[in-house]
Amino acid sequence: MAARFHSARPARPRHLAKRDSEYARCGTANIFAVVEPQAGRHFTRVTPDRSATEFAQVIRRLVTTYAAARTIHLVMDNLSTHGESSLIKRFGGRRGRSLWRRLTVHYTPKHGSWLNQAEIELSLIARQCLGNRRIPQIQRLRAETRAWNTRANQRKTRIRWAFTRKHARTKFGYNTHLSKRSKT
């Protein structure tokens, strides 16, 4: 989150518009990217930080949104606050464990983050919502991302994931057939 020191100079004949990159840092914010990629449902949430409490709030909202689902498959990174203990700390043992039991968690590989659909979601937000703007207030950032969520959900903006296991085996040179050892 930042505010620009200088406003942009508009374009003139034979001259491009000019914008200074200097800005005053007004703090930082966190964006939890929650997406149901094949249905095109987005639940992006802006928080002041990525604390255990904020994570627990996001999970409670997710579980409430999918109240009828028996289990919710959740793909997420390995951050230390992304676990059952964060829910227990925020909501108490009974409620925290109840929320966590609704999830089937799939952690992304530590060195395979580029395969992560959450990164695609954050890229969509960066390109379609934020652009090159620096947003100085968290309330405005929340309003902008809520508006983007609404548009993306109305359009059912989906993530079309085309990288299959077969592609991965080819890309990384894995042998697709098990070779039999010859007995000597």
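**Figure 1. Surroundings of Leu 87 in the predicted model.** Leaving aside neighbours within four places in sequence, Leu 87 is in contact (heavy atoms within 4.5 Å) with Phe 55, Ala 56, Ile 59, Gly 92, Gly 96, Leu 99 and Trp 100. The structure is a predicted model, in which local features need pLDDT of at least 70 and side-chain atom pairs count only at pLDDT 80 or more, while totals for chains, interfaces and linings use all residues. Residues are numbered from 1 along each chain as its sequence is written, and side-chain values use heavy atoms, with hydrogens and water left out.

**Figure 2. The largest nonpolar core.** A nonpolar core is a set of buried Ala, Val, Leu, Ile, Met, Phe, Trp, Tyr and Cys residues joined through side-chain atoms within 4.5 Å; buried means under 20% relative accessible area, exposed over 50%, and partly exposed in between, with a 1.4 Å probe and protein chains only. The largest core has 18 residues, of which Ile 59, Leu 87 and Leu 103 touch the most other members. Helix 1, strand 7, helix 2 and helix 3 (93–101) each supply at least two residues of this core, and the largest share, 6 residues, comes from helix 1. Helices (H or I, at least four residues) and strands (E, at least two) are DSSP runs numbered from the N terminus. A second, separate core of 11 residues includes Ile 125, Cys 129, Ile 135 and Ile 138.

**Figure 3. Crossing of helix 1 and helix 2.** The axes of helix 1 (residues 52–65) and helix 2 (residues 84–91) come within 8 Å and cross at roughly 90°. Axes are lines fitted to C-alpha atoms, for helices over the stretch in contact, and angles run from 0 to 180 degrees between N-to-C directions. Helix 1 is therefore roughly perpendicular to helix 2, a term for angles of 65 to 115 degrees. Residues of helix 1, including Phe 55, Gln 57 and Ile 59, meet Ser 86, Leu 87, Arg 90 and Phe 91 in helix 2.

**Figure 4. Gln 57 in helix 1.** Gln 57 belongs to helix 1 and counts as buried because its relative accessibility is 17%. Not counting residues up to four places away in sequence, Gln 57 touches Arg 45, Arg 90 and Phe 91.

**Figure 5. Lys 156 in a loop.** Lys 156 is found in the loop between helix 5 (138–155) and helix 6 (165–171). Although Lys 156 is not a glycine, its phi is positive, at about 55°. With 54% relative accessibility, Lys 156 counts as exposed.

Methods. Parallel < 35°, antiparallel > 145°, perpendicular 65-115°, else oblique.
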